[in-house]
Amino acid sequence: MNVSIHPSWKKVLQPDFDQPYFEQITNIVRQAYATSVVYPPAPLIFNAFNLTPFDQVKVVILGQDPYHGPGQAMGLSFSVPNGVLLPPSLQNIYKELESDLGQKPPQSGDLTHWAEQGVLLLNSTLTVQAHQARSHFAVGWQRLTDRVIQLLSEQRSNIVFILWGADAQRKAWMIDEEKHKILKAPHPSPLSAYRGFFGSKPFSQTNFYLISHHITPIQWV
């Protein structure tokens with residue numbers, strides 16, 4: 001698999017790309033794309049890394065795996081292309097955004113404008129079989145994405161890590177809380193959003209932290 005990834009990320013992740021485990025991921029994923037329907041489209045597997053260079057990451061929003069419906073996944077956690085119906089989790093994210101900031105959220109579910117400002121929209125698993133959530137959970141992607149979190153924690157400072165739901169929060173131990181800010185809340189899915197996601201104010205909290213560390217805040221809308 002010819003990985004198209006921003007040079008800043010290739011530099012820090014090259015030791016992992018050279019490991020046998022990544023070769024194993026590559027072989028499994030290449031075979032999956034060749035024999036079945038897999039999302040996102042192969043050129044977008046590393047879209048989050050291409051849009052948000054390593055040295056420009058201000059915020060990490062951690063998702064689970066890509067959307068598994070046709071036309072939804074675009075390599076950015078929670079994001080869907082312009083014109084695609086908003087998935088329920090993203091609808092709830094936008095509801096909280098409006099409640100938190102008092103601003104009407106955009107009609108589009110394309111979060112590229114967040115990524116380009118330094119929001120790394122990272123899924124723990126980077127690919128998924130069509131219509132089968134968590135189908136690539138055992139492929140090995142999490143070893144790579146865990147490494148991403150560790151490298152950001154070790155080599156960068158003053159990043160806000162937004163961990164929604166139990167799966168994401170299990171990654172918290174990798175993050176140095178003396179150097180970074182961790183925001184935890186239930187997942188924005190309809191099953192859990194009313195258990196504390198609504199009212200958690202992640203967007204204003206993130207910008208307050210960034211501004212307090214003399215970092216340009218995110219224009220969420």
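The second largest pocket is lined by 16 residues, and those nearest its centre are Gln64, Ser124, Asp167, Ala168 and Lys171. (A pocket, on a 1 Å grid over the protein atoms alone, is an open set of points with protein on both sides within 12 Å along at least five of seven lines; a cavity is a set where a 1.4 Å probe fits but cannot get out; lining residues have an atom within 4 Å of a point.) Please keep in mind that this is a predicted model, in which local features need pLDDT of at least 70 and side-chain atom pairs count only at pLDDT 80 or more, while totals for chains, interfaces and linings use all residues. Residues are numbered from 1 along each chain as its sequence is written, and side-chain values use heavy atoms, with hydrogens and water left out.

**Second largest pocket**

- Strand E2 and helix H7 (166-169) are the elements that give two or more residues to the lining of this second largest pocket; helices (H or I, at least four residues) and strands (E, at least two) are DSSP runs, numbered from the N terminus.
- H7 gives the most to that lining, with 3 residues.
- The space in the second largest pocket is about 190 Å³, where a volume is the space filled by probe spheres set on the grid points, joined across faces, edges and corners.
- By class, its lining has 7 nonpolar, 6 polar and 3 charged residues; Ala, Val, Leu, Ile, Met, Phe, Trp, Tyr, Cys and Pro count as nonpolar, Asp, Glu, Lys and Arg as charged, and the others, Gly among them, as polar.

**Largest pocket**

- The largest pocket has a volume of about 410 Å³.
- Its lining has 22 residues, of which Asp65, Tyr67, Phe78, Ser89 and His187 are the closest to its centre.
- That lining divides into 10 nonpolar, 11 polar and 1 charged residues.

**The cavity**

- Searching the whole structure turns up 1 cavity of 30 Å³ or more.
- The largest cavity holds about 60 Å³ of space.
- Among the residues that line the largest cavity are Pro40, Phe49, Pro66, Leu121, Leu122, Asn123 and Thr125.
- Helix H3 and strand E3 each supply at least two residues of this lining, and E3 has the largest share, with 3 residues.
- The lining comprises 9 nonpolar residues, 3 polar ones and no charged ones.

- Thr125 sits in the loop between strand E3 (119-123) and strand E4 (128-129).
- With a relative accessible area of 1%, Thr125 is buried; buried means under 20% relative accessible area, exposed over 50%, and partly exposed in between (1.4 Å probe, protein chains only).
- Leaving aside residues up to four places away in sequence, Thr125 touches Gln64, Asp65, Pro66, His136, Phe137, Trp141 and Gln142, a contact being heavy atoms within 4.5 Å.
- Gln142 is found in helix H6 and counts as buried because its relative accessibility is 18%.

- Helix H6 (residues 141-155) has 15 residues and reaches 21 Å from its first C-alpha to its last, close to the 21 Å expected at 1.5 Å a residue; the expected span is 1.5 Å times one less than the number of residues.
- The buried residues of H6 include Trp141, Leu144, Val148, Ile149, Leu151 and Leu152.
- Helix H1 (7-17), helix H2 (20-35), helix H3 (47-51), strand E2 (59-63), E3 and strand E5 (160-164) are among the elements that cover the buried residues of H6.
- Helix H4 (residues 88-101) has 14 residues and reaches 20 Å between its first and last C-alpha, close to the 20 Å expected.
- Ser89, Leu90, Ile93, Tyr94 and Leu97 are among the buried residues of H4, and their cover includes helix H5 (112-115), E5 and helix H8 (202-212).
- Gly102 follows H4 and has a positive phi, near 70 degrees.

**The whole chain**

- The chain has 8 helices and 6 strands, in the order α-α-β-α-β-α-α-β-β-α-β-α-β-α from the N terminus.
- Of the 221 residues, 53% count as buried.
- Along its principal axes the C-alpha trace spans about 45 × 35 × 25 Å.
- Among contacts with a separation of 6 or more, 67% come from residues 24 or more positions apart.
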